[in-house]
Structures are given as structure tokens and as C-alpha cells.
Amino acid sequence: MSHHTHAPSADHGHHGEHALPFWRKYIFSVDHKVIGVQYTVTSLLFLFFGFCLIMLLRWQLAYPGQPLPLIGQFFPETQMISGIMLPEFYYQLGAMHGTIMIFLGIVPLAVGGFGNYVLPLQIGAPDMAFPKLNMMSYWLFFIGGVIMLASFFVPGGAAQSGWTSYPPLSNIAPPGQTWWLVGMAFLINSSLLGSVNFIVTIVQLRADGLSFFRLPFFVWAQFVTSFLLLLAFPPLMAASVLQLMDRVAHTSFFMPTGLVVNDQLAQVSGGGHPVLWQHLFWFLAHPEVYVLILPAMGIVSEIIACNTRKPLYGYKALVYASIFLGFMSFIVWAHHMFLTDMGITMSAFFQVTTMIISIPSVIILTTLVLSLWGGSIRFTTPMLFALAFLPMFGIGGLTGLPLGLTASDVHLHDTYYVIGHFHYVVAPGTIFALFAGVYHWFPKVTGRRMNETLGKIHFFFSFIFMNCVFMPMFIQGLAGVLRRMYDPMQYAHAQPVQPLNEFISVSAWLLGLAQIPFIINFFGSIWRGKKVENDNPWQATTLEWTAPTPPPHGNFAHPPVVYRGPYEYSVPNARQDYTPQTAKEVL
Amino acid sequence: MSSEIRYISHPHPVTGVTNSKLGVWCFLASEIMLFGGLFSALVMLRGGSTNWPHGFEVLNVPLATLNTMVLITSSVTMVLSWASLVRKDLGKYRLYMAVTVLLGLAFLVIKSFEYGYKFEHHIYPSKSTFYAIYFTMTGLHGLHVIGGIIVNAYFLLPGSKLWHKDPEQFTGRIEAAGLYWHFVDLVWIFLFPILYLL
């Protein structure tokens with residue numbers, strides 16, 4: 001095989017590694033591991049920043065109209081007047097929280113971070129198929145992030161029409177919205193390059209003997225996710241182009257005839273359709289939900305198999321369910337639009353597909369729960385987070401059913417019930433899975449373990465406060481409290497549940513404090529963590545644990561050859577309770 | 001040896017394609033969804049409109065027909081340039097690739113005459129939703145043409161050095177660039193009747 005191969009680039013061969021200057025090795029690197037770490041660190045910072053935005057916002061909800069103590073005085077008058085938050089700033093915080101958490105936090109961490117670092121190792125490849133595109137993908141993401149952050153400083157502030165940017169409101173919003181659209185264009189192209197790279201890598205570069213049904217479920221999850229990113233993001237690109245035209249060239253794609261703005265007829269040609277944006281937006285944003293959840297499921301299944309010391313229950317069911325899930329996710333988007341003028345026939349169709357898509361989700365969750373049965377579970381920090389993922393995602397999924405049914409959605413649409421529902425899916429759901437992944441793969445990346453005591457403090461406080469934050473939102477939503485309300489006291493029906501807002505806000509700030517042990521642990525363990533004894537500290541079976549620690553450029557000393565499936569734990573009559581994929585015979 | 005990426009110039013024995021060819025097909029799938037989104041928007045806007053003009057009444061059909069011929073011809077020369085490489089004829093390759101680049105430029109020049117004529121008569125995207133989608137879609141297509149010309153010009157001049165190092169990989173690159181160029185051509189084949197003739 002060797003004479004049919006080529007190094008990714010002439011100056012980047014195996015021996016050229018040490019000759020590379022610092023900026024090529026750690027900043028503009030083409031190595032998937034460096035890019036994975038870059039993605040991980042950047043997106044963790046964005047996650048923290050996005051969380052800070054919402055912690056600020058929660059002050060206004062808990063204590064409406066009162067000056068923010070201590071830090072309130074440092075904000076300019078366009079944002080807060082003597083510490084009292086202005087409505088414009090409140091809406092910027094909300095819109096940018098959503099945008100940053102989804103597009104700059106969770107997706108880059110789950111796909112760009114874990115996918116880039118772990119996936120080539122798990123399939124026994126030396127790198128991604130297109131290393132230079134991989135680097136470009138990260139830098140497009142970085143530029144997109146900088147544009148999003150910079151938009152806070154333009155006149156009128158950042159985007160403030162919600163992360164969904166519904167027109168006509170977003171069309172007439174201040175310039176920050178244009179920055180948002182341009183930033184999204186960078187992020188969309190970044191994910192396009194990433195998804196092409198992932199698909200080609202998985203199809204072409206699997207190690208010898210590693211058939212599709214010997215792939216770890218994490219790889220399958222990334223595979224399906226890549227197709228969703230590849231095919232669902234472009235319609236949002238199309239929508240962004242149209243909205244950009246509306247804002248810059250004054251077209252009327254989303255501006256209807258006879259639109260009145262500030263008591264005056266809008267000076268546009270008209271003839272557009274605001275709901276067109278919603279169709280294009282949700283065609284991305286519903287598959288996006290599965291982009292957020294599938295990699296999380298992949299991470300959790302790796303950790304569950306390793307920490308129960310037994311094979312996953314129903315591996316093939318998991319694979320087929322996730323493929324079906326990926327397919328179905330393209331035909332459920334309009335269940336976000338039951339309250340538009342699209343008509344009852346359309347609603348009925350999307351209600352049915354929505355009910356159907358819950359089936360594969362339930363299959364995946366059930367197989368993961370059944371995988372615990374009869375295992376000798378190790379309650380390590382990653383396992384605790386993975387175990388917590390299961391009921392949290394379960395609550396998130398089940399509370400989604402009333403939203404997928406048109407009749408009950410009429411009452412619940414755009415209330416705090418929706419906020420509670422999807423945060424259960426992505427916050428204690430996906431983010432817990434991502435924390436689990438950080439604790440699980442940290443020893444492979446750094447050669448040192450993270451501290452278990454700090455990890456458990458982080459877990460238990462996060463678990464308690466996450467639920468304190470999101471559970472009361474269901475009550476508020478059922479009481480009819482709408483999302484995106486600057487003044488929570490505006491409506492009489494919201495006043496009885498106002499005390500809950502204070503409880504939620506305090507819990508959110510405590511949740512912020514609960515992340516301190518993680519931050520200390522993460523950075524402290526890089527230099528002071530306990531060194532791992534060998535390359536496989538968790539006694540796991542998949543290929544990344546057979547690579548040297550930390551893996552060098554090119555990953556493996558010799559191309560690995562695979563002889564068995566991914567989860568051969570506790571094979572009967574074996575001397576040790578795990579059999580690596582590279583083992584020719586049961587050990 | 002382990003740090004080398006496989007199937008860069010030789011196809012994978014099972015999938016039958018090189019990495020770059022599979023990558024380009026994936027990229028084109030994504031592009032179809034991009035233009036698909038815009039075509040769907042066009043259908044929805046037209047369906048909801050009461051006074052949508054016929055393209056042939058307001059747009060310059062003869063120029064667009066000429067442009068269609070130019071672009072189809074460039075697709076043919078693109079294939080010929082790739083076929084020359086398969087037959088190991090670098091000289092012919094350069095000739096056909098140069099013609100492809102020139103035809104691409106010719107398309108843009110003709111298109112800019114069309115745009116210029118509209119601007120002279122104060123017809124901008126903001127005039128009506130029809131012109132909005134016309135300028136947006138042809139503009140985005142034009143950007144794709146510019147991208148293709150840049151790629152082709154690169155392979156015509158500095159990029160062709162690879163031929164002497166690894167002819168197979170270079171041929172694969174031209175094939176991938178060709179797939180993209182045909183796609184750009186194909187988008188126009190849809191745009192032309194839908195915008196100009198219907």
C-alpha cells in the first residue's frame with residue numbers, strides 16, 4: 001500500500017514534524033488533533049461567554065427594573081442606564097445567547113472538537129482526508145465568532161430579533177443584524193467544509209478490517225450528523241442571502257405588501273412573504289437539533305459501554321435508529337410553525353412526522369438504558385455525566401410531545417414551556433454529554449487524568465442547579481408566560497409565577513459558580529493531573545486507546561488492523577474483561 | 001509511513017473513488033440544497049404573487065440564449081481538457097483549459113452587459129420581488145462562475161506543476177474541478193428557462 005500513498009503536503013511529512021515553527025504546529029496547524037483542541041478550547045470559551053450573557057439577562061427577569069449591583073455601572077448608556085438594563089440590550093442578550101450557545105458553543109465542541117480529535121483515531125486513520133480544509137474550517141469558524149462578538153460594539157448593538165431572526169422585525173433591526181448574517185455565512189461555510197471532510201474520512205480512511213458495522217457508535221453518530229450539516233445548512237445560507245438582500249439592497253423577499261412600520265407604510269416594493277424565512281430557517285434548525293443531540297448520544301454510548309464493562313445493548317438498532325432519525329429530521333421542520341398561516345393539512349402532515357421521529361429517539365434512549373442492565377458499573381465522573389444525560393434527555397424528549405401536537409401547541413407555543421423543553425435536551429442533555437466526553441478523553445489528549453473529587457463536585461452541583469433552573473420553566477410556560485418578554489410583570493397572568501423567576505435566576509448564578517471546579521480542574525490537570533499509567537487508562541476497546549499518549553503526528557506507529565467489533569467487553573472465558581479491536585484473538 | 005493519507009491519487013478499492021472526488025460530490029450535494037432553497041423560495045414567491053411578470057417580456061432572452069451556448073461550450077471544452085490529460089497530452093490540456101477559462105469570462109462579460117442595461121433603466125433588485133430573485137439568483141450563480149474561473153486558471157498556470165510530480169493526482173483534480181464546472185453549468189440550465197422563458 002505504501003507506494004500508493006502521499007503525504008498530505010510536502011512539508012508536513014512524518015519527519016518534518018519537529019522542523020515546523022511554533023505558529024505552524026500550534027496555530028495554523030493541519031493536524032486533526034491540534035485543530036480538535038483548538039475547536040474544544042474556543043467553543044468552551046464561547047459556551048462560558050454565552051452563559052454569562054444569560055446570567056446577565058436573568059437579573060432583569062428576577063428583579064425587573066432594578067439596577068444591577070456591582071457590575072451594572074460598567075455598562076455604557078446604550079446598554080444600561082445607571083445599572084438598569086434597557087430593553088434593546090435585553091433582547092441582544094437573548095438573541096446572542098441562543099446564537100452563541102448553538103452555533104459557536106455546542107456544535108463546534110461536539111463536531112469540531114470531539115469529532116476532529118477522536119474520529120480519525122477511532123477509525124485508525126493518520127489524519128482527516130483533507131487536512132488543509134480542516135484548518136480552513138476552524139479559521140472560518142473563528143472569524144465567524146469574532147464577527148458575532150464584534151457586533152455588540154456596532155451602533156445599535158448586536159442582533160436582537162431572537163436567534164431565529166424572524167422577519168419583518170429582523171429586516172428593520174439595527175446594523176447588528178447584518179453582522180449576524182455575515183457571521184452566520186462564515187459559520188455555515190465552516191460547517192460545510194467540516195462535514196465534507198468527516199464524510200470522506202469515514203468512507204475512505206477506515207483502517208483495514210474496520211467495516212461499517214465494526215465502527216464505534218460515536219463514529220456513526222458523527223457520520224449521520226455530517227450529512228445533516230451538509231444538507232440542512234445550505235437552505236439557511238440561502239435564507240441569509242435573501243435577508244441580506246432585504247437589508248442591504250432593500251428587496252422585499254420577506255416584506256409583505258402594505259407592511260406598516262412605526263405607523264408608516266414601509267417604503268418597499270412588497271410582495272414578499274415573512275413565513276418564507278421561517279420555512280428556510282427551520283429546514284436547517286430542526287435537523288440542527290439532531291446535530292446537537294446525535295454526537296452527544298455517540299459520546300454517551302462510548303462511555304456507557306466502557307464503564308458498564310459490557311457491550312452496548314442493540315448496537316445495530318442504535319445505528320439504524322440514528323440513520324432513520326437523520327432522514328426523518330428533514331421532514332419535521334414545520335412543527336415549529338403551527339401558528340402560522342400554513343394551513344391545517346400541512347400541520348397534520350408535520351404533526352404525524354413529528355410523532356414518527358420520536359420512535360427512533362426512544363429506541364436510542366432505550367438501548368442506552370438497557371445497556372446498563374447487569375453491568376458492573378464504574379461510577380467515574382464521565383460515567384456520572386453520561387448517566388445523568390439519560391433521564392435529562394428523556395425529560396427533554398417527552399416534554400416535546402405536547403409541542404408536536406397542534407392542539408396543545410396552540411397553548412404552549414412560544415412560552416417558557418418551550419424554553420424548558422429544549423434546554424432539557426441541550427443543556428443537562430447535550431452539555432452533560434460533552435462534559436462526560438471532556439473527562440473521558442482528557443487522559444488521551446494530555447496524558448493526565450482530571451481530578452475525580454473536583455469532577456464529582458462539578459457534577460452534583462451542576463445536576464442540582466440545572467434542574468432548579470429548567471424545571472420551574474415548565475410551570476411558568478403552562479401558566480402562559482411568553483418567552484422574549486423584557487418586563488415579566490407586564491401581564492397579570494404572569495405575576496403569580498414571578499417568584500419562580502427569582503428562584504430560577506439564583507439557581508442559574510449558582511450553576512455558574514458550579515462551573516468553577518471544572519475550570520480549575522481542566523486547566524490544573526493539564527500540568528498537575530495524575531499521569532496515566534499506560535495508553536489505555538479506562539481499559540477500553542476502541543482504537544483511539546491503542547495509539548500512543550498523546551498521539552503523535554500521524555497517530556499510530558503502524559497502521560492498525562481491526563479484527564472485531566467495537567464493544568467486546570467481558571467476553572466469556574477471556575482472561576481480561578476487555579478485548580481491543582486490534583486483538584487478533586480473545587485475550 | 002503511517003502518517004500518510006491513503007486514496008489521494010488512487011481510488012479506494014471498495015468505493016471506487018478518490019478522496020477528492022467523493023469530497024466534490026458531497027460539496028455538490030450541499031450546493032444543490034443551496035440552490036434548491038432559492039428555487040423553492042422562487043416558487044413560493046411566484047405562487048403568492050398576483051402580478052408576476054413573464055421573464056421573456058422583461059429580460060433579454062437573446063443575450064441569455066447566447067450565454068447558455070457559451071456556458072455549454074465551456075463544459076464541453078472542460079471535458080476535453082480532462083480527456084487530454086487522460087491521453088497524457090499536456091499541451092492539448094492547456095489549450096482546452098484556456099478556452100474554458102475564456103468562455104467563463106465571456107459569460108461574465110455578457111452577463112454584465114445585461115446587468116448594466118438594467119441599471120441604466122434604473123431597474124434594481126428593490127424594484128420588485130421578480131427582479132429581487134432574478135438579481136439574487138443570477139448574482140449568486142455569477143459568484144460560482146467566478147469561483148470556477150479562479151480554480152480553472154489556477155490549474156491552467158501554477159497548479160499544473162503537479163502534472164510532472166503526480167500525473168494521476170493532477171488528472172483527478174481536473175476531474176473534480178470539471179464536476180464543479182458542470183454543476184455551475186447545470187444551475188444555469190435551470191435558471192435560464194425558469195427566469196427568462198416562463
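1. Helix H9 of chain A (residues 344-371) passes a simple length check. Its 28 residues, at 1.5 Å each, should span 40 Å, and its end C-alpha atoms are 41 Å apart, which agrees. The expected span is 1.5 Å times one less than the number of residues. Helices here are DSSP runs of H or I with at least four residues, strands are runs of E with at least two, and both are numbered from the N terminus.

2. This is a predicted model, in which local features need pLDDT of at least 70 and side-chain atom pairs count only at pLDDT 80 or more, while totals for chains, interfaces and linings use all residues. Residues are numbered from 1 along each chain as its sequence is written, and chains are lettered from A and ligands numbered from 1 in the order in which they are written. The model scores ipTM 0.95 and pTM 0.94. For chain B, the mean pLDDT (the predictor's confidence in each residue, from 0 to 100) is 95. In that chain, 98% of residues reach 70 or more.

3. Which residues of H9(A) are buried? Among them are A:Phe350, A:Ile357, A:Pro360, A:Ile364, A:Leu365 and A:Leu368. A residue is buried if 20 or more other C-beta atoms lie within 10 Å of its own, exposed if 12 or fewer, and partly exposed in between; the C-beta atoms are placed from the backbone. The cover over these residues includes H7, H8 (315-328), H10 (381-398), H11 (401-404) and H12 (406-412) of chain A.

4. A:Ser301 sits in helix H7 of chain A. It counts as buried because it has 26 C-beta neighbours inside 10 Å. Leaving out residues up to four places away in sequence, A:Ser301 touches A:Phe217, A:Phe218, A:Leu312, A:Leu318 and A:Leu368. Contact means that two C-beta atoms, placed from the backbone, lie within 7 Å. A:Pro120 is 181 residues from A:Ser301 in sequence, with 18 Å between their C-alpha atoms.

5. Now helix H4 of chain A (residues 131-150). Its 20 residues should span 28 Å at 1.5 Å a residue, and the end C-alpha atoms are 29 Å apart, which agrees. Its buried residues include A:Pro131, A:Tyr138, A:Leu140, A:Phe141, A:Gly144 and A:Met148. They pack against H2 (32-62), H3 (87-122) and H5 of chain A.

6. A:Leu187 lies in helix H5 of chain A. Is A:Leu187 buried or exposed? It is buried, because 25 other C-beta atoms lie within 10 Å. Setting aside neighbours within four places in sequence, A:Leu187 is in contact with A:Phe103, A:Phe141 and A:Gly144. Both A:Phe141 and A:Gly144 are buried residues of H4(A). A:Pro559 is 372 residues away along the chain, and the two C-alpha atoms are 34 Å apart.

7. The largest nonpolar core has 223 residues. Such a core is a set of buried Ala, Val, Leu, Ile, Met, Phe, Trp, Tyr and Cys residues joined through C-beta atoms within 7 Å. A:Val300, A:Phe385, A:Ala386, A:Phe389, A:Ala433 and A:Ala436 touch the most other members. Not counting residues up to four places away, A:Ala386 touches A:Val300, A:Ile303, A:Ile304, A:Ala433 and A:Ala436.

8. How do the chains meet? In all, 48 residues of chain A are in contact with 36 residues of chain B. On the chain A side, H5 (176-204), H6 (217-248) and H7 (274-308) each supply at least two residues. H6(A) gives the most, with ten. By class, this side has 29 nonpolar, 18 polar and one charged residues. Nonpolar means Ala, Val, Leu, Ile, Met, Phe, Trp, Tyr, Cys and Pro; charged means Asp, Glu, Lys and Arg; the others, Gly among them, are polar.

9. Chain A has 16 helices and four strands. Its radius of gyration is 24 Å, close to the 25 Å from the globule rule for 587 residues, so it is as compact as a globular protein of that length. The radius is taken over C-alpha atoms, and the rule is 2.2 Å times the number of residues to the power 0.38. Of its residues, 56% count as buried.

10. Chain B has seven helices and zero strands. Its C-alpha atoms fill a box of roughly 65 × 35 × 20 Å along the principal axes. Buried residues make up 39% of its 198 residues.
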